[in-house]
Amino acid sequence: MAVLDNLSGFEFEDVVEDVFRNLGYENVRQADRRADEGRDVLMEEVVDGTRRAIVVECKHTDTVGRPVVQKLHSAIATFDFDGPKRGMVVTTGRFTQPATEYVTNLEQNNDPHPIELIDGEDLREIADDVGLDLYNGRIEILCDETLRPYDPASSVTAPIEEAIGDIQNIDVTDLPTPHAAVTFQPVVEVTANTNAVFETSVGVIHRINERTEFVIHADRGSPRVADSDVAELVSENIHATVDLDDESIREPFDETTDQRFGQTETEYKDWAVDQLQRAQTTTVTYTGDNNVTYNKTCEPNRSDISVQSIEPVYLPKIRQITELGEYTYPYEYYAAGPSRVTTEEGFHQCAHCETAGGDETYTYCENCGAIACGDHIKTERLTGEPVCTGCAVTEKFALKTKYFYDEENLGTFREEYAAMGPHQKAMENPLLAGSSLLVVLGVIVIGLLLMTGGV
């Protein structure tokens, strides 16, 4: 029990709160630390349809005697709750025989406020059962569930095949196998209720009665709220997970990385409460009894915000690199089976300019591997296939620039051009040929007019 013994009293209360929340108790919260009323953690349970309050006393001591248990019994009796109530004493140490005898007598006499005793060994076993592990004097979230990193009915390359579906001059059969890496990133889904009433001399001016669900990227030391699309991906799939240790979910990837949860569950809870407290703070304008307009900042207290659940899960982040000719194309996304949220997409952006996005038409240059926008794709004169301006060899014929895959194709066309008749050469620049034709027609018309005396 060395690790438990290294905790401070407040840290031990954090541990107890974490454990009972993971055991499925509802409305788990710590009592006001400024008052010593024999109750440290408060929570509720539903038994046979009846909601019951549980008052928990946490004792970070080697032994707990009968006086502590008696004090808790009195605290239960005076606790304001409309319904049945019971108590628990949780300790890092052990209970004396008089303490256990007192609890047994309560049970034998069918006392309305029974008490359960949990010692250090019991606490360790419970923590193991709910997936929490004590380390470095703290309690770390351990999670063995992850969202699926790919659709089992498809393949790991399916997202890339879908991504290139509207790119011209390329087919999925042309794609080489991409390098694929997956990082299992820790996230937690938080559900919290806020109930706050703000009053002045004129009465209630503002109420908050909200249930909030959001997802936190549980990065070590710097948690952050996930974007709405990522939060939706997690929330819709959090109950359709697979075992993180299942090797079959890792086999299709060239690299796999597991990140660990960087903070305790209570730290995530406190961080979430801070976020909600800021987000739900607002300024209300109201008129007083003296007809004067006032502004009041309505900030919920931390005690107004109750975290109902914190559900940890791993969110796979996939990064695939596809090499096409001289170019490399990244595609990165969060995955949950067939669903995904793309964070980087390297296919729909021109290799030669800053044009990007799905509204543009992109074409693949088989000559060098570039994917380019319409301004940087031309037609190769000999083959009629697309070639990008970045790799094409150019030369002017009939005052018009022609594009070639390489010097060899250019040389071949030079020979063909030299053998062409004047009309064929002129047609290498339809605009120039058309202008020349107009000039000739103009000269003919003028000549005819002069001959007939029309001018």
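Predicted model: local features only at pLDDT ≥ 70, side-chain atom pairs only at ≥ 80, totals over all residues.
Local features are described where pLDDT is at least 70 and side-chain atom pairs where pLDDT is 80 or more, while totals for chains, interfaces and linings use all residues. Residues are numbered from 1 along each chain as its sequence is written, and side-chain values use heavy atoms, with hydrogens and water left out.

**View 1. Helix α2 and the glycine that follows.** Here we look at α2, residues 9-22; helices are DSSP runs of H or I with at least four residues, numbered from the N terminus. Its 14 residues reach 20 Å from the first C-alpha to the last, close to the 20 Å expected at 1.5 Å a residue (the expected span is 1.5 Å times one less than the number of residues). Buried residues, meaning those under 20% relative accessible area with a 1.4 Å probe and protein chains only, include F12, V15, V16, V19 and F20, along with E13, E17, D18 and R21. Just past the helix, G24 has a positive phi of about 100 degrees.

**View 2. Where α2 crosses α8.** The axes of α2 and helix α8 (residues 265-279) come within 9 Å and cross at roughly 90 degrees; axes are lines fitted to C-alpha atoms over the stretch in contact, with angles from 0 to 180 degrees between N-to-C directions. The pair is therefore roughly perpendicular, a label for angles of 65 to 115 degrees. In contact, meaning heavy atoms within 4.5 Å, are D14, E17, D18, R21 and N22 of α2 and E265, T266 and K269 of α8. By class, this contact has no nonpolar, two polar and six charged residues (Ala, Val, Leu, Ile, Met, Phe, Trp, Tyr, Cys and Pro count as nonpolar, Asp, Glu, Lys and Arg as charged, and the others, Gly among them, as polar).

View 3. E265 belongs to α8 and is buried, with a relative accessible area of 1%. The C-alpha atoms of E265 and D18 are 6.2 Å apart, although 247 residues separate them along the chain. From A272 to I310, 38 residues apart in sequence, the C-alpha distance is 9.9 Å.

**View 4. Cysteines without a disulfide.** The structure holds zero disulfides, a disulfide being a pair of cysteine sulfur atoms within 2.5 Å. For C388, the nearest cysteine sulfur is that of C368, 3.4 Å away. C388 is buried, with a relative accessible area of 0%, and C298 is buried at 0% as well.

Conventions
Helix = DSSP H or I, 4+ residues; strand = E, 2+ residues; numbered from the N terminus. Buried < 20%, exposed > 50% of the residue type's maximum accessible area, 1.4 Å probe, protein only. Parallel < 35°, antiparallel > 145°, perpendicular 65-115°, else oblique.
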